[in-house]
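Me: I've got a structure here and a few things I'd like to sort out. Can you walk me through them?

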Amino acid sequence: KGRLNLVEFSSQACPSCEALKPRLSELAKKSPDTVINQVLIDRPGSQGIDWQSPLARQYELRSVPYFQVYDTTGKLLAEGEPARKMIAKMLVEAKLL
C-alpha cells in the first residue's frame with residue numbers, strides 16, 4: 001500500500017517478457033512510488049510457456065506478458081490490454097521505450 005503496483009505475469013520462454021524486464025526495473029528505479037511485481041507462470045522443469053500451470057489457469061491467461069495495475073490503496077485500476085497501455089505510456093514518459 002502507498003505505492004502504485006504493477007503486476008506482470010510472464011514466462012522465461014517469452015522473448016518479449018524477457019526483453020521487458022530491464023525496462024520495468026529501470027522504471028521502478030526512476031519512480032520510487034511504483035513497485036514492479038514480476039510473477040513467473042511456469043512451473044519448475046516446464047518446457048516453453050506453461051499454459052497449464054495453476055497460476056496460468058487461475059488467471060485464465062492466454063498471452064504473456066499480462067499486466068495488472070493497482071492503485072496506492074490496493075484497488076485494481078486496470079488489467080489486460082488497458083493495463084498494458086498504461087504501462088507503455090509510463091515507459092514512454094520515463095524515456096524507456
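Me: Is Val-39 buried, partly exposed or exposed?
Reply: This is a predicted model, where local features need pLDDT of at least 70, side-chain atom pairs count only at pLDDT 80 or more, and totals for chains, interfaces and linings use all residues. Residues are numbered from 1 along each chain as its sequence is written, and side-chain values use heavy atoms, leaving out hydrogens and water. Buried means under 20% relative accessible area, exposed means over 50%, and partly exposed is in between (1.4 Å probe, protein chains only). Val-39 has a relative accessible area of 25%, so it counts as partly exposed.

Me: Which residues is Val-39 in contact with, leaving aside neighbours within four places in sequence?
Reply: Contact here means heavy atoms within 4.5 Å. With those neighbours set aside, the list for Val-39 is Val-7, Glu-8, Phe-9, Ser-10 and Leu-55.

Me: How many aromatic pairs does a search of the whole structure find?
Reply: Rings of Phe, Tyr and Trp (its six-membered ring) pair if their centres lie within 6.5 Å; planes under 30 degrees apart are stacked, over 60 edge-to-face, and the rest tilted. Searching the whole structure on that basis, the count of aromatic pairs is 2.

Me: What is the centre to centre distance for Phe-9 and Tyr-59?
Reply: Their planes are at 40 degrees, making this aromatic pair tilted. The distance, centre to centre, is 4.8 Å.
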